[in-house]
Amino acid sequence: MADPKLISKIPEGPLAEKWSRRKAEIRVVSPNNKRKLEVIVVGTGLGGASAAASLGELGYNVKIFCISDSPRRAHSIAAQGGINAAKNYQNDNDSVYRLFYDTIKGGDYRSREANVYRLAEVSAAIIDQCVAQGVPFAREYGGYLANRSFGGVQVSRTFYARGQTGQQLLLGAYAALNKEIAAGSVKSYPRHEMLDLVIINGEAKGIIARNLVTGEIERFGAHAVVLATGGYGNAYFLSTNAMNSNGSAIMQAYRKGAFFANPCFAQIHPTCIPVHGDQQCKLTLMSESLRNDGRIWVPNNMEDVLKLRKHEIKPSQIPEERRDYYLERRYPAFGNLVPRDVASRAAKERCDAGYGVNETGLAVFLDFADAIKRLGHQRVEERYGNLFQMYEKITSSSPWEEPMMIYPAIHYTMGGLWVDYDLQTTIPGLYAIGEANFSDHGGNRLGASALMQGLADGYFILPYTIGDYLSHKFAEPKTDTNAPEFAQAEKAVLDRIQKIFSVKGTETVDSIHKKLGHIMWEYVGMARNETGLKKAIEEIGELRKEFWKTVRVPGTNEEFNQELEKALRLVDFFDIGELMARDALHRVESCGGHFREEMQTEEGETKRDDEHFMYVGAWEYKGEDIEPELHKEPLKYENIRIATRNYKD
Ligand SMILES: Cc1cc2nc3c(=O)[nH]c(=O)nc-3n(C[C@H](O)[C@H](O)[C@H](O)COP(=O)(O)OP(=O)(O)OC[C@H]3O[C@@H](n4cnc5c(N)ncnc54)[C@H](O)[C@@H]3O)c2cc1C
């Protein structure tokens with residue numbers, strides 16, 4: 001039975017007609033009334049920038065906020081490999097249905113059918129919009145846009161701009177945003193960090209933000225608030241995310257009543273440069289696109305492994321018959337292009353068995369020798385040149401001569417704020433888009449689908465659905481930031497900052513964050529079990545106490561103070577980490593990136609429990625030191641046959 005607090009608002013009717021039906025029902029705000037309405041958008045990545053530009057163009061008054069000095073420096077800029085769309089340019093039998101099917105299957109049957117179908121449906125329009133903006137997608141000789149494949153699919157539907165797709169897409173969205181800024185419909189607040197959400201009479205009415213340059217705490221009111229603040233993968237300290245990526249805004253919303261869905265669904269990406277020391281604070285992704293042509297292997301005998309570790313031989317000296325291309329061996333149908341969760345676990349399995357190829361034993365090879373032979377230097381250079389360069393700069397080893405070394409790392413969070421079909425959270429007037437919501441990716445996101453989802457939300461879904469809510473609001477006056485709710489929220493923020501400064505301990509924020517990262521990776525990482533997850537909850541609790549006794553944040557609030565920024569975010573990462581562990585503990589099944597060791601097949605593959613866990617788990621905050629309450633949104637599959645994921649044949 002549906003939980004009365006989780007009304008998903010999925011439209012009635014056949015799957016392919018649901019979005020058209022919803023659009024037809026949505027009330028439209030007239031242009032003269034749009035001018036009276038204010039919307040706050042927090043975040044300027046692909047989700048936020050596309051939403052703010054679209055809302056501004058529609059005629060709303062938009063305020064947009066970001067941490068960086070310019071909206072175009074959001075984390076989205078790091079996206080390398082590409083963006084999916086069901087255009088079928090390759091004539092390889094792609095379709096909206098196939099993209100929908102791949103995404104549901106890739107997510108291990110833990111996402112909503114209606115949302116995923118809509119995502120696939122609008123995917124083609126995203127490419128048209130971006131091309132019209134001048135995004136320089138790669139093209140074939142005849143002028144058609146080029147495509148490549150990403151994991152978990154058997155067609156080529158990924159559009160790309162070399163290894164800089166996110167950057168080029170963000171430049172497109174940023175140009176559209178700048179047009180609105182110049183026209184006065186969008187006002188931009190760079191270097192402003194949201195520190196609390198303001199609720200008045202149960203509705204989202206504004207935010208409290210800190211001016212990161214002066215430290216001033218400021219109040220901003222609106223008729224609705226949109227969170228596009230990205231993912232929370234940095235709870236693990238080391239991840240592929242940008243250093244500023246954080247989960248604080250969604251935790252502020254959670255504490256004010258927005259439910260947090262599937263927090264334990266985190267993605268571990270198989271192709272990252274391995275950890276190389278204690279002083280590291282960031283991991284580097286090598287794009288999944290490399291798996292189109294790169295072959296993943298380890299030696300099949302221990303003698304070669306030991307020689308490699310002692311640098312007595314080079315990988316290229318190991319002949320074919322002494323190599324184990326384990327993905328091709330285990331998953332012949334998809335080979336090196338199995339989904340990320342499958343590829344990551346397979347790498348861990350080989351390394352746990354002792355075949356890791358570097359000194360730490362935590363690395364496998366990604367080899368381009370065959371591709372260079374088959375395609376020639378120039379074509380490989382065209383496809384992956386900048387990625388090869390980046391790898392060589394970081395490791396001093398040339399992928400032209402020897403294979404890359406890679407290992408899985410935390411990359412993306414499928415969990416996030418629970419949203420209904422309109423992308424509205426459980427707080428009226430509060431919307432969440434992009435990686436910040438629990439999104440369409442279920443237990444595992446397929447490569448090149450995050451950019452698609454962020455831009456679908458921002459350009460084509462939110463601008464319509466938010467109108468339905470705002471159509472009731474144009475008669476309301478502007479939100480009064482002198483209201484007591486703003487004063488209370490502002491005081492709570494100032495108290496929190498004061499409390500952090502008052503600790504005056506000896507530990508840096510990073511040193512404590514690193515300890516949290518170790519707990520998360522060890523117990524809430526690629527493999528999880530009951531004992532470990534309970535230990536994680538306990539150890540995070542202890543670490544939180546340690547933080548409040550030992551942290552030292554130098555300087556003051558009234559200045560540019562990045563240690564303070566990090567400390568405020570770390571306080572929220574403790575709560576996120578704990579919620580992730582709690583969610584992972586309750587979900588006694590393996591699905592997608594969530595691998596419970598107790599639930600695996602004899603071959604070590606994930607074992608779902610559809611009878612007991614085919615739902616979205618959404619957590620409701622109940623107060624400090626009180627266990628949150630779990631709500632369940634059952635998932636129904638009426639247009640797709642539920643099956644065990646199979647990438648073997
Ligand atoms: C290295 C790398 C490569 C990737 N490659 C691909 C790819 O090829 N294809 C693909 O589909 N996906 C890829 N992804 C995933 C994808 O890039 C992200 O999921 C996506 O860009 C997230 O976009 P977003 O708009 O939701 O958030 P983000 O781009 O993370 O933007 C968040 C914004 O919120 C702001 N913000 C955060 N908190 C606050 C606050 N409290 N107050 C004010 N502002 C705040 C930030 O300043 C920023 O502007 C990649 C990810 C990584 C790490």
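How far from an oxygen atom of the ligand does a backbone N or O atom of L46 lie?

## Around the ligand

That L46 backbone atom sits 3.2 Å from the ligand oxygen, a polar contact (a pair of N or O atoms within 3.5 Å). A polar side-chain atom of S76 is placed 2.5 Å from an oxygen atom of the ligand, and for S449 a backbone N or O atom lies 3.4 Å from a ligand oxygen.

There are 37 residues around the ligand, and S76, G81, M194, E435 and L451 come nearest. Here, "around" takes a heavy atom within 4 Å.

## About the model

This is a predicted model, with local features needing pLDDT of at least 70 and side-chain atom pairs pLDDT 80 or more, while totals for chains, interfaces and linings use all residues. Numbering runs from 1 along each chain as its sequence is written, and side-chain values use heavy atoms, leaving out hydrogens and water.

## Helix 4 and helix 5

Helix 4 (residues 96-106) and helix 5 (residues 113-133) have axes that come within 8 Å and cross at roughly 135°.

In contact terms (heavy atoms within 4.5 Å), V96, Y97, L99, F100, T103 and I104 of helix 4 meet E113, V116, Y117, A120, E121 and S123 of helix 5. That's eight nonpolar, two polar and two charged residues.

Terms used: Polar contact = N/O pair within 3.5 Å; in protein donor to acceptor, adjacent residues only side chain to side chain. Axes fitted to C-alpha atoms, helices over the stretch in contact; angles between N-to-C directions. Helix = DSSP H or I, 4+ residues; strand = E, 2+ residues; numbered from the N terminus. Nonpolar A, V, L, I, M, F, W, Y, C, P; charged D, E, K, R; others polar.
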